[in-house]
Amino acid sequence: MSKVLMKGNEAIAEAAIQAGCRYFFGYPITPQNEIPAYMAKRLPEVGGCFIQAESEVSAINMVYGAAGAGARVMTSSSSPGISLKQEGLSYIAGAELPCVVVNMVRGGPGLGGIQPAQSDYFQATKGGGHGDYHLVVLAPSTIQEAVDLVMEGFDIADQYRNPVMILGDGMLGQMMEPVEFRPLSSKRELPPKTWATTGYTGDRPRNIINSLFIDPQALEEHVKRIYRKYEEIKKKEVKVECYNCEDAEIIVAAYGTTARIVKSVIQKAKREGMNVGLIRPISLWPFPTSTFEEWAQREHVKAFMSVEMSMGQMVEDVRLSVNGRKPVYFYGRTGGMVPEPNAILSEIKKVIGGVSR
Amino acid sequence: MQQENRRIILFTGHFGSGKTELAINYSIKLTRQGQAVTVVDLDIVNPFFRSSEVRDVLEKEGIRLLSPNFVGTTVDVPSLPPEIYSVFQSKNSKVIFDVGGDDIGATALGRYYPYFMQEPYRMFFVINARRPLSSTPEQIIEMLKAIESHSRLKVTDLINNTNLMYETNLNHLLEGQEIVEQVSEKLNIPIAYISGVAEVIEQLPEQYNKKGFPIDIYLHPPWDREDEV
């Protein structure tokens with residue numbers, strides 16, 4: 001298929017359709033409304049079903065039902081709406097059902113604002129809902145990458161029977177770039193959905209979708225089994241980009257939109273004679289811990305700095321990964337403010353000035 | 001650029017077709033011809049990447065910009081200020097309406113309907129044939145009709161603005177031209193301009209010379225802003 005020019009939100013919706021998603025349940029909220037609008041138009045054309053639910057709580061439970069029946073299903077929202085979906089997400093993770101959830105993050109807390117933010121990192125990567133569970137969290141930084149990750153996200157969800165979150169931000173949702181819909185480079189062996197509640201006909205044991213365990217020992221065993229699955233995900237599903245890290249004096253950690261700003265900062269720093277690298281986590285969970293460990297052991301790396309559109313959330317994972325080997329600094333803007341390249345550069349200069357003295 | 005006789009000029013189209021960049025460029029060109037120009041940002045759909053973001057650029061050119069209330073803030077309310085009525089009262093300035101995308105965006109025009117009936121207007125319909133949902137003549141016509149029906153106005157001119165942003169080449173524009181020509185024939189609406197960045201427009205074959213409309217790009221994501229990097 002030839003290239004088309006798409007808004008991030010539309011591209012994510014089309015990628016889901018190309019990945020075989022035929023069900024979408026959602027409730028409108030800026031800045032992700034183009035996703036449900038596109039789905040409402042396109043899904044009937046491909047024999048799918050779009051429902052605008054009466055609330056986010058309802059939408060996520062429709063996802064729970066469709067995923068339980070073995071369908072490829074997606075929902076999307078932005079920060080306050082994703083908060084409302086947390087109970088359902090916990091149930092879906094507990095019942096081990098595959099689905100894709102998109103969060104086009106906006107400023108918070110509360111109703112917050114409609115401008116881009118990254119302040120839902122904790123919610124996305126550390127649980128969000130109740131209980132011991134994880135979402136796989138993927139954070140694209142271009143629209144092409146968003147397309148590719150949504151398509152792969154459905155496979156990851158099916159392979160591990162676990163919800164996958166695409167964590168974008170308002171900027172990624174609203175901006176436009178040329179994209180191409182192409183088959184995934186790696187084909188996964190996906191297990192048949194023998195567990196799906198597709199109607200009992202007597203030729204197999206009854207399938208039951210459930211997240212309630214009466215016996216605490218059974219629940220502990222269930223959770224431990226899910227955690228063995230998480231260990232496997234941590235081994236196999238880490239995605240990360242290292243940019244200009246060889247010889248870098250300072251390595252910046254940034255994801256999504258912020259990583260793109262940092263890349264242009266790195267070019268400017270280079271012109272001014274400074275060597276700055278970037279580690280861009282693409283999977284936020286599982287976090288690319290070992291990549292940070294490795295670079296932290298290099299002598300030329302004097303310090304790390306996390307740059308985020310938040311008051312400092314991913315920086316905690318950077319610190320855990322660097323584990324005291326090098327100092328870890330933070331620079332962020334929040335509330336919908338996007339860090340400016342020159343401001344990031346001057347923070348980098350401060351750090352370089354501090355650590356090379 | 002052709003002589004612009006009409007005072008009221010509207011830019012409509014599928015969202016993402018390039019309406020805003022064209023509206024900005026058109027207003028700057030008119031101003032540089034010595035015209036007084038007012039731009040009305042009537043976009044009630046897009047939260048960002050809109051003409052109000054280039055207020056400084058427009059004001060430096062001497063262009064008056066009217067924006068929705070709360071634009072650029074976190075208040076997600078499509079509320080239009082009463083000042084917009086002023087452009088119909090004092091007739092000494094050309095008025096460019098940068099309308100929001102699709103039929104949804106065109107709905108905002110409805111409330112000014114009685115005023116549009118009082119003097120001739122030009123209503124451009126901007127087409128980017130590299131956009132999904134507006135890449136075939138049928139899809140484009142469906143969108144155009146929906147916009148006409150929601151605004152209660154008639155499209156007077158088409159603009160072929162087929163592009164893949166920074167990846168655009170002449171072939172994209174000419175492929176788009178074929179599609180836009182089919183639309184033009186079926187609806188009997190003329191193609192006023194073929195637009196794109198100057199490097200591409202310069203390569204247009206001679207037959208299209210008069211229609212070439214080179215534009216500068218004013219809306220950038222934060223990592224591409226020249227004053228920053």
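Start with A:Glu87, which sits in helix 5 of chain A, spanning residues 86-94. Keep in mind as you look around that this is a predicted model. A:Glu87 has a relative accessibility of 42%, so it counts as partly exposed, a class that runs between 20% and 50%.

Next up, charged pairs. Side chains of opposite charge can pair when their charged atoms come close. How many salt bridges are there over all chains? The count comes to 35.

Select A:Glu34 and A:Lys7 to see one of them: their side chains form a salt bridge, with N to O at 3.0 Å. A:Glu34 belongs to helix 2 (residues 34-42) of chain A and A:Lys7 to strand 1 (residues 4-7), so the pair ties together parts that lie 27 residues apart in sequence. Are these two buried or exposed? Both A:Glu34 and A:Lys7 are buried.

While you're still in chain A, pick A:Arg72, A:Asp155, A:Asp158 and A:Lys193 together; salt bridges link these four into a network.

Hop over to chain B and show B:Asp41 with B:Arg50. Their side chains meet in a salt bridge at 2.8 Å, N to O, and both B:Asp41 and B:Arg50 are buried.

Then go to B:Arg122 and B:Asp157, another salt bridge, whose closest N and O atoms are 3.0 Å apart. This pair links distant parts of the chain: B:Arg122 is in strand 5 (residues 121-127) of chain B and B:Asp157 in strand 6 (residues 157-160), 35 residues apart. B:Arg122 and B:Asp157 are buried as well.

Along the principal axes, the C-alpha atoms of chain B fill a box of roughly 45 × 45 × 35 Å. Of the 229 residues in chain B, 57% count as buried.

The accessible area is about 10,000 Å², with 49% of it belonging to carbon and sulfur atoms. Colour by charge and you get 22 positive and 31 negative side chains in chain B, the centres of the two sets lying 8 Å apart.

Methods: Residues are numbered from 1 along each chain as its sequence is written. Chains are lettered from A and ligands numbered from 1 in the order in which they are written. This is a predicted model: local features need pLDDT of at least 70, side-chain atom pairs count only at pLDDT 80 or more; totals for chains, interfaces and linings use all residues. Side-chain values use heavy atoms; hydrogens and water are left out. Buried means under 20% relative accessible area, exposed over 50%, partly exposed in between (1.4 Å probe, protein chains only). Accessible areas come from the Shrake-Rupley method with a 1.4 Å probe; for residues, only the protein chains shown count as cover. Lys and Arg count as positive and Asp and Glu as negative; His and the chain ends are not counted. The place of a charge is taken as NZ of Lys, CZ of Arg, CG of Asp or CD of Glu. Helices (H or I, at least four residues) and strands (E, at least two) are DSSP runs, numbered from the N terminus.
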